[in-house]
Every structure is written in structure tokens, then in C-alpha cells.
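Here is a short report on the charged side-chain pairs of one protein model. Look at the structure first, then read on.

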Amino acid sequence: QVQLVESGGGLVQGGGSLRLSCAASGSIFSSSTMAWYRQAPGKQRELVAAVTSGGRTNYVDYVKGRFTISRDNAKNTVYLQMNSLKPEDTAVYYCNLNYYSGSSYVYWGQGTQVTVSS
């Protein structure tokens, strides 16, 4: 059906930058809202950023001004540019696709680990 594959995670020092990528299979990417979530150990899954099919973006307050979500429909790929990283950003980051056509269809990637050292 739909497969989402994240990449770009790793270890980075505080204040550094990292760019996550999520490549999607299938034909519904351009019609879908794409989002990045993260989950740290012992914490709830948290929406980080989202971009609609029309290009509207939303961010959780904590990452505003530091993270940027973008999409390239020609490549079926969504990105999360993360700057000024903090140790509190350490988490597994998950790519999410939401396709709405009368009802919602949700797909998740496998996750990529982001670790920010102090």
C-alpha cells in the first residue's frame, strides 16, 4: 500500500543541525498531509511538525524557529531540517502520512533515532 522510509538520524552535538528525510511509495503522497512525530523514552508521542498538501505548515511551540518541514512532491519526500538542536530533542522521529478522502488513512515510518549530546 504505502511505505514510508526515514533516514538522516544520528548523533549530533548541541547547537548542531540535522536533516531528516522520509521517502514515500504510492500515488497518494501529493494529496496527503505529511508530518513528523517524535517519542522520547518514557514520554508520549508528540507531533513536531506537519505540512498539508497545499503547503500549510504547523509546528509544536518548542521547535518553532528551529525546525523547518518541507516537501518535494516530485520526489515523494518530506524533510525536517533541524537547527540549534538541544539535548531535549533526543527522540525517535517518525514520519507520518495522513490521506483524507471522506475518511482518514494513516501510515507510519519505522522511525529514526536522533541523539543530541550536551
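D89 and R38 meet through their side chains in a salt bridge, 2.9 Å from N to O. The term means a side-chain nitrogen of Lys or Arg within 4 Å of a carboxyl oxygen of Asp or Glu. This pair links distant parts of the chain, 51 residues apart. D89 sits in the loop between β8 (77–82) and β9 (91–100), and R38 in strand β4 (residues 33–39). Strands (E, at least two residues) are DSSP runs, numbered from the N terminus.

D89 has 0% relative accessibility and counts as buried. R38, at 5%, is buried as well. Buried means under 20% relative accessible area, exposed over 50%, and partly exposed in between (1.4 Å probe, protein chains only).

## Basis of the model

The model is predicted: local features need pLDDT of at least 70, side-chain atom pairs count only at pLDDT 80 or more, and totals for chains, interfaces and linings use all residues. Residues are numbered from 1 along each chain as its sequence is written, and side-chain values use heavy atoms, with hydrogens and water left out.

R66 lies in the loop between β6 (57–59) and β7 (67–72), so the pair ties together parts that are 23 residues apart in sequence. Both R66 and D89 are buried. Salt bridges that share partners join R38, E46, R66 and D89 into one network.

## An exposed partner

The structure holds four salt bridges. One of them pairs D61 with K64, at 3.0 Å between the closest N and O atoms. D61 is exposed, at 61% relative accessibility. K64 is partly exposed, at 48%.

Definitions and conventions
Helices (H or I, at least four residues) and strands (E, at least two) are DSSP runs, numbered from the N terminus.
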